[in-house]
Amino acid sequence: MLCRLGGRWLRPLPALQLWARDLPLAPVPTSGAKRPTLPVWAVAPVSAVHANGWYEALAASSPVRVAEEVLLGVHAATGLPWWGSILLSTVALRGAVTLPLAAYQHYILAKVENLQPEIKTIARHLNQEVAVRANQLGWSKRDARLTYLKNMRRLISELYVRDNCHPFKATVLVWIQLPMWIFMSFALRNLSTGAAHSEAGFSVQEQLATGGILWFPDLTAPDSTWILPISVGVINLLIVEICALQKIGMSRFQTYITYFVRAMSVLMIPIAATVPSSIVLYWLCSSFVGLSQNLLLRSPGFRQLCRIPSTKSDSETPYKDIFAAFNTKFISRK
């Protein structure tokens with residue numbers, strides 16, 4: 001229904017709009033009054049909201065909540081201070097989850113290494129057969145090369161199936177360890193920022209604020225001394241260098257990966273200096289346990305206990321060899 005007003009036909013406002021129009025306007029605050037604080041999402045750019053969406057979604061995800069319950073459960077069951085609960089939880093998880101997977105990784109890699117002589121023999125015979133067939137059928141060098149590569153891939157795959165040692169199985173450790181590290185880090189982030197509470201009703205953030213030790217009594221604050229962050233970087237670099245010393249004749253790709261991991265280890269130092277000490281303590285303990293597991297899995301006795309096949313590259317004195325290689329590369333080098 002239209003009505004005529006001032007020579008123009010207008011549609012009447014709905015009742016709801018008329019009712020809202022008659023409401024008194026809120027007073028505009030003066031310069032001395034305190035303006036209401038808007039939420040961050042209301043004043044942040046749209047791009048920033050979308051950028052932080054995945055971060056907050058991950059922080060509130062089910063795996064992170066499970067990691068929070070694990071930390072709270074260990075703390076409640078043991079009665080240890082929070083620094084002790086973090087250390088105990090880290091050692092337990094790494095020992096129960098990553099150590100068996102690391103042993104399995106070494107088991108697969110040892111079987112793959114033992115296949116190399118057979119693979120070289122097959123490659124030599126296949127190269128001779130392809131060369132003969134190429135001369136008989138008049139293949140070009142490109143066709144002969146493609147035929148060789150295609151058959152070589154097939155024969156190697158058959159060897160992996162025969163010995164049940166496909167190299168991809170050696171990556172299981174990464175696919176388990178990296179998500180676990182991320183979930184535990186986010187869980188400690190939530191606990192340190194007051195996003196989670198214990199069943200007793202006490203703020204976990206308040207408990208962490210007094211749950212530290214030595215120079216970092218407040219686990220919710222960054223380590224201003226940089227001792228924890230630098231320790232994390234040094235241990236990670238030690239792990240990288242020990243692994244690099246054991247590899248002879250690395251490919252170009254392996255060399256690039258080694259440099260990348262070195263750079264990430266150094267980059268972790270300033271990052272660790274800006275996050276709560278509880279997270280850095282977890283990173284430090286996790287890296288130290290990882291270094292210990294790396295050294296343990298080089299022990300001939302432990303490898304035999306885990307039924308890891310012996311290889312040509314195995315040493316009866318692995319720790320002595322590591323020290324000698326480290327000394328030659330970094331200390332005695334002129």
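Me: Let's begin with the overall picture. How many helices and strands does the protein chain have?
Reply: Start by looking at the secondary structure. In this predicted model, the protein chain has 13 helices and two strands.

Me: What share of the residues is buried?
Reply: The protein chain has 334 residues, and 31% of them count as buried.

Me: How do I read contacts along the chain?
Reply: Look at how far apart in sequence the two partners are. Here, among contacts between residues at least 6 apart in sequence, 69% join residues at least 24 apart.

Me: Which residues does the UniProt annotation "transmembrane region" cover?
Reply: The UniProt entry, which is unreviewed, places "transmembrane region" at residues 170–188, 226–244 and 256–273. In the model, residues 226–244 are 95% helix and 0% strand, and the C-alpha atoms at the ends of that span are 27 Å apart. Residues 256–273 are 94% helix and 0% strand, with end C-alpha atoms 27 Å apart.

Me: Now some charged residues. Where does Arg94 lie?
Reply: You will find Arg94 in helix H5, which runs over residues 82–137.

Me: Is Arg94 buried or exposed, and how far away is the nearest side chain of opposite charge?
Reply: Arg94 is buried and has no salt bridge. The nearest side chain of opposite charge belongs to Glu241, 18 Å away. For a salt bridge, a side-chain nitrogen of Lys or Arg must be within 4 Å of a carboxyl oxygen of Asp or Glu.

Me: Leaving aside neighbours within four places in sequence, which residues is Arg94 in contact with?
Reply: With those neighbours set aside, the contacts of Arg94 are Leu99, Gln177, Ser286, Val289, Gly290 and Gln293.

Me: How many salt bridges does a search of the whole structure find?
Reply: The search finds six. One of them pairs Arg162 with Glu118, whose closest N and O atoms are 3.0 Å apart. This pair links distant parts of the chain: Arg162 belongs to helix H6 (residues 141–163) and Glu118 to helix H5, 44 residues apart. Glu118 is partly exposed, with a relative accessible area of 31%.

Me: Which residue does Asp163 meet in a salt bridge?
Reply: The side chain of Asp163 meets that of Arg162, at 2.9 Å from N to O. Through shared partners, salt bridges join Glu118, Arg162 and Asp163 into one network. Asp163 is partly exposed, at 21% relative accessible area.

Me: How many residues apart are Glu158 and Arg154?
Reply: They are four residues apart in helix H6, about one turn of the helix. Glu158 and Arg154 form a salt bridge, with their closest N and O atoms 3.2 Å apart. Glu158 is partly exposed, at 42% relative accessible area, and Arg154 counts as partly exposed at 42% relative accessibility.

Me: Last topic: how many disulfides does a search of the whole structure find?
Reply: First, the general idea: a disulfide is a covalent bond that joins the sulfur atoms of two cysteines. Searching the whole structure gives zero disulfides.

Me: Why does Cys285 count as buried?
Reply: Cys285 counts as buried because its relative accessibility is 10%, and buried means under 20%. Cys306, at 28% relative accessibility, counts as partly exposed.

Key:
Residues numbered from 1 in each chain as written. Predicted model: local features only at pLDDT ≥ 70, side-chain atom pairs only at ≥ 80, totals over all residues. Heavy atoms only, no water. UniProt positions renumbered as here; feature names shortened; annotations may be inferred. Buried < 20%, exposed > 50% of the residue type's maximum accessible area, 1.4 Å probe, protein only. Contact = heavy atoms within 4.5 Å. Lys, Arg positive; Asp, Glu negative; His and termini not counted. Disulfide = S-S within 2.5 Å.
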